[in-house]
Amino acid sequence: MEAQLKNPKNKYSIIVPTYNERLNIALIVYLIFKHLGDVDFEIIVVDDGSPDGTQDIVKQLQKVYGEDRILLRARPSKLGLGTAYIHGLKHASGNFVVIMDADLSHHPKYLPSFIRMQLETGADIVTGTRYVKGGGVHGWNLMRKLTSRGANVLAQTFLWPGVSDLTGSFRLYRKSVLEDIISCCVSKGYVFQMEMIVRASRKGYNIKEVPITFVDRVYGSSKLGGSEIVEYLKGLAYLLVTT
């Protein structure tokens, strides 16, 4: 890790929600340790009662890396993505919090860029974006790309949040900022990400972007379906009225 990323005052709590990620969780943990080197961090796995044995794998990882570096904070069943972050935040000891997916769509190689951007700019939030130069999407079919792009265009048009990628979920937050924003949010599903960044923008927080390439999951199946799209449209209407 470059010397400029080493700040003894900073600790990063990385919240990783999981559901049936047995095939991915070990690799994502290995890659986080590989790319963050001796940065002070902890990984908080919030598992929603995965029936595939995800928690057993996490317990094995704790034996390798230590229970102080890998925290398993399980819940009994699927309770929503937004509440998973709230649950993980309660157990975070860092002054910065990273949220990322466990399915390898968010590559840990970008974490140093997030940290560097925050240190250089003093940003309250650093968010990964697919929609600027250097960013992109790999592995999606045309319909999925159009759906995602359309969702962002709609949000940009009606909410003018000042960021290019509202539906992404790979972000670094100053912990105090995340606690403030999360207390205002009512969404629990995929709309949660959009509501978070819109409310942060309205509150005047300093938001910076880092280009990332989003890669579709290698193992397992996508959890995005028609019901999530409907919820997104409802959430967009809600934010249009309330922000």
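**The covered helix**

I began with what lies over α3: the cover on its buried residues includes β1, β2, β4, α6 and α7. I keep in mind throughout that this is a predicted model.

How many of the ten residues of helix α3 are buried? I got seven for this helix, residues 81–90, so α3 is largely enclosed by the rest of the structure. I wrote down the buried ones: Gly82, Thr83, Ala84, Tyr85, His87, Gly88 and Leu89.

**Whole chain**

I stepped back for the overall count. The chain has eight helices and nine strands. Of its 243 residues, 49% count as buried. I also checked how far apart in sequence the contacting residues are: taking contacts between residues at least 6 apart, 81% join residues at least 24 apart.

**The cores**

Next I looked up the nonpolar cores. The largest has 33 residues, and Ile14, Ile32, Ile43 and Met100 have the most contacts inside it. I listed the elements giving two or more residues to this core: β1 (12–18), α1 (25–36), β2 (41–47), α2 (54–65), β3 (70–72), β4 (96–99) and α4 (111–121). Which element gives the largest share? That is α1, with seven residues.

Ignoring neighbours within four places in sequence, I find Ile43 in contact with Ile14, Val16, Val29, Ile32, Phe33, Arg69, Ile70 and Leu71. Apart from this core I noted another one, of 27 residues, and Ile44, Ala84, Leu178 and Ile207 are among them.

**Two helix pairs**

I took α1 with α4 to begin with. Their axes are 9 Å apart and the angle is about 45°. The two helices are therefore oblique to each other. On the α1 side I see Ile32, His35 and Leu36, and on the α4 side Leu111, Pro112 and Ile115. Sorted by class, this contact has five nonpolar residues, one polar and no charged. Ile32 is also one of the residues with the most contacts inside the largest core.

Then I turned to α6 (residues 175–182) and α7 (residues 191–202). Here the axes are 10 Å apart and the angle is about 110°. That makes α6 roughly perpendicular to α7. Leu178, Ile181 and Ile182 of α6 meet Phe192, Met196, Arg199 and Ala200 of α7. I sorted these as well, and the contact has six nonpolar residues, no polar and one charged. Leu178 turns up in the 27-residue core too.

**The loop between α6 and α7**

I checked Ser187, which sits in the loop between α6 and α7. Buried or exposed? Ser187 counts as buried, because its relative accessibility is 15% and the cut-off is under 20%. Beyond its neighbours within four places in sequence, Ser187 is in contact with Phe192 and Glu195. I also looked at Ser187 against Leu81: they are 106 residues apart along the chain, yet their C-alpha atoms are separated by 9.2 Å.

**Asp48**

I wanted to know what Asp48 is doing in the loop between β2 and α2. Asp48 counts as buried, at 8% relative accessibility. What does its side chain make a polar contact with? One partner is the side chain of Arg75, at 2.7 Å. A polar atom of the Asp48 side chain also lies 3.2 Å from the backbone nitrogen of Leu79. Leaving out residues up to four places away in sequence, I have Asp48 touching Thr18, Tyr19, Arg75, Ser77, Lys78, Leu79 and Gly80.

**Positive phi**

Last, I looked up two backbone angles. Asn20 is not a glycine, but its phi is positive, near 60°. I place Asn20 in the loop between β1 and α1, and at 30% relative accessibility it counts as partly exposed.

Leu104 is not a glycine either, and has a positive phi of about 75°. Leu104 lies in the loop between β4 and α4. At 16% relative accessibility, Leu104 counts as buried.

Conventions:
Residues are numbered from 1 along each chain as its sequence is written. This is a predicted model: local features need pLDDT of at least 70, side-chain atom pairs count only at pLDDT 80 or more; totals for chains, interfaces and linings use all residues. Side-chain values use heavy atoms; hydrogens and water are left out. A nonpolar core is a set of buried Ala, Val, Leu, Ile, Met, Phe, Trp, Tyr and Cys residues joined through side-chain atoms within 4.5 Å. Buried means under 20% relative accessible area, exposed over 50%, partly exposed in between (1.4 Å probe, protein chains only). Helices (H or I, at least four residues) and strands (E, at least two) are DSSP runs, numbered from the N terminus. Contact means heavy atoms within 4.5 Å. A polar contact is a pair of N or O atoms within 3.5 Å; within protein, one must be able to donate a hydrogen and the other to accept it, and residues adjacent in sequence count only if both atoms are side-chain atoms. Axes are lines fitted to C-alpha atoms, for helices over the stretch in contact, and angles run from 0 to 180 degrees between N-to-C directions. Angles under 35 degrees count as roughly parallel, over 145 as roughly antiparallel, 65 to 115 as roughly perpendicular and the rest as oblique. Ala, Val, Leu, Ile, Met, Phe, Trp, Tyr, Cys and Pro count as nonpolar, Asp, Glu, Lys and Arg as charged, and the others, Gly among them, as polar.
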